Amino acid sequence: MAAVVLVGGGAGAWAHVDRRERERDEQAAVVRVDDAVGSWDGDVSLWGASDAAVGRAVTVTTRDAAGAALAAVAEQARSTLAATEGKVEDDAVRQALAAVLAEADAASAAPGASVATARRVAASLAAADATVAQAHTQWQQAQDAAAARAARPAAPSGGSASGSGPGGGKAPPSCETTYNGPPFYTSPATDGGDGSNGKLPPSALTAVSWDVDPRGTPYYLRNDATAALERLNVAFRARFGHDLDLDLTYRDYATQVAMREALGTVAAVPGTSSHGTGLAMDVPELPCEYGWGTPQRDWLVANGPSYGWVVPSWARQNGSNPEYWHFEYRG
Ligand SMILES: [Zn+2]
């Protein structure tokens, strides 16, 4: 007899169902599945008797429906895992999610798995997924707070004219990221690439020396653009005491296709992005650090051209697609 293990505290689809009632239902279903059905080969109402016993409306569920629900939760879990790598305080929550996901994949593949098993694993998976999502939110908030602290200028000596109010100084600019789409990452060089947009081979690209992206991918730019950015970074560091922060540099064709699908027209048509030529960089989308009018962005706008790095007209504040984070190398 299959044991029914329930996950408490999950925010998944089961949260609205009374726990004891559900346990009764699932145990009844296990008996019915094991004794009466025994395979995944048909649409069978499994719930009528137990539901009648507890005086509720009849719920019809099927092996196909349970399998589809489990697949949907598994898909969500996979994307959560991909999006949170290195972006939680303690990776144990991600490892736990990966373990339940493996269990889900095994249950999906098992020919004799019961509806109750599918439902149980789906509930466990939803709960583990919610835990990782919550951990990621906490991590992001901590990152934002740290960035806000780092960006706050040292206490001015003598009252500058920058508006100290009755509260004892103006509030720091928001460090909430202005990006709310799905995560996209910088791309490695394209092995065997033909040199066209988004298909630049390793020989065309050089990684910047001071940073890699959160997944460990080097920040690649076309060789001459990287050389110029290295020089620019020396000057930037002399001014601000830290290296230039990067978010994304080279982007390959496949990633551009995915971005266009996810973000629509604010992403360039695949094959036309300046990121695909290795001649564009994005600094982080953090208004407190690089937003309009910040010292760091103003410095980049004023000094970048000396190194060949400029803001294209479309990305300016009054441009057709304002992006304070985007810069391009024009040599
Ligand atoms: Zn960009």
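Buried means under 20% relative accessible area, exposed means over 50%, and partly exposed covers the range in between, with a 1.4 Å probe and protein chains only. By that definition, Asp282 and His326 are both buried. This is a predicted model, in which local features need pLDDT of at least 70 and side-chain atom pairs count only at pLDDT 80 or more, while totals for chains, interfaces and linings use all residues. Residues are numbered from 1 along each chain as its sequence is written, and side-chain values use heavy atoms, with hydrogens and water left out.

**Zinc site**

- The zinc ion is coordinated by His275 (NE2), Asp282 (OD), Asp282 (OD) and His326 (ND1), at 1.9 to 2.8 Å; donors are N, O and S atoms within 2.8 Å of the metal (3.2 Å for Na, K and Ca), and sites may look incomplete because water is not among the atoms.
- Along the chain, the donors of the zinc ion follow the spacing H-x6-D-x43-H.
- Asp282 belongs to strand β3 (residues 280–282) and His326 to strand β5 (residues 326–329), so the pair ties together parts that are 44 residues apart in sequence. Helices (H or I, at least four residues) and strands (E, at least two) are DSSP runs, numbered from the N terminus.
- The arrangement is irregular because the 4 donor atoms around the zinc ion subtend angles of 52 to 155 degrees. Four donors count as tetrahedral if all angles lie between 85 and 135 degrees; four count as square planar and six as octahedral if opposite donors are over 155 degrees apart and all others between 65 and 115; anything else is irregular.

**Aromatic residues**

- The whole structure contains 6 aromatic pairs. Rings of Phe, Tyr and Trp (its six-membered ring) pair if their centres lie within 6.5 Å; planes under 30 degrees apart count as stacked, over 60 as edge-to-face and the rest as tilted.
- Phe236 and Phe240 have ring centres 4.7 Å apart and planes at 40 degrees, so this pair is tilted.
- Both of these residues, Phe236 and Phe240, lie in helix α6 (residues 223–240), 4 residues apart, about one turn of the helix, and both are buried.
- Tyr324 and Trp325 have ring centres 4.9 Å apart and planes at 85 degrees, so this pair is edge-to-face; Tyr324 and Trp325 are buried.
- One aromatic cluster is formed by Phe236, Phe240 and Trp299.

- Trp299 is placed in helix α9 (residues 295–303) and is buried, at 13% relative accessible area.
- Beyond its neighbours within four places in sequence, Trp299 is in contact (heavy atoms within 4.5 Å) with Leu232, Ala235, Phe236, Arg239, Phe240 and Gly304.
- Trp299 and Phe240 are 59 residues apart along the chain, and their C-alpha atoms are separated by 9.7 Å.

**Charged side chains**

- The charged end of Arg239 sits over the ring of Phe240, 4.3 Å from its centre; the criterion is NZ of Lys or CZ of Arg within 6 Å of the ring centre and within 35 degrees of the ring normal.
- Lys199 lies over the face of Tyr253, 4.8 Å from the ring centre.
- The structure holds 5 salt bridges, each a side-chain nitrogen of Lys or Arg within 4 Å of a carboxyl oxygen of Asp or Glu.
- One of them joins Arg330 and Glu328 (2.6 Å, N to O); Arg330 is exposed at 53% relative accessibility, whereas Glu328 is buried at 8%.
- Another joins Asp91 and Arg94 (2.8 Å, N to O), with Asp91 partly exposed at 29% and Arg94 buried at 11%.
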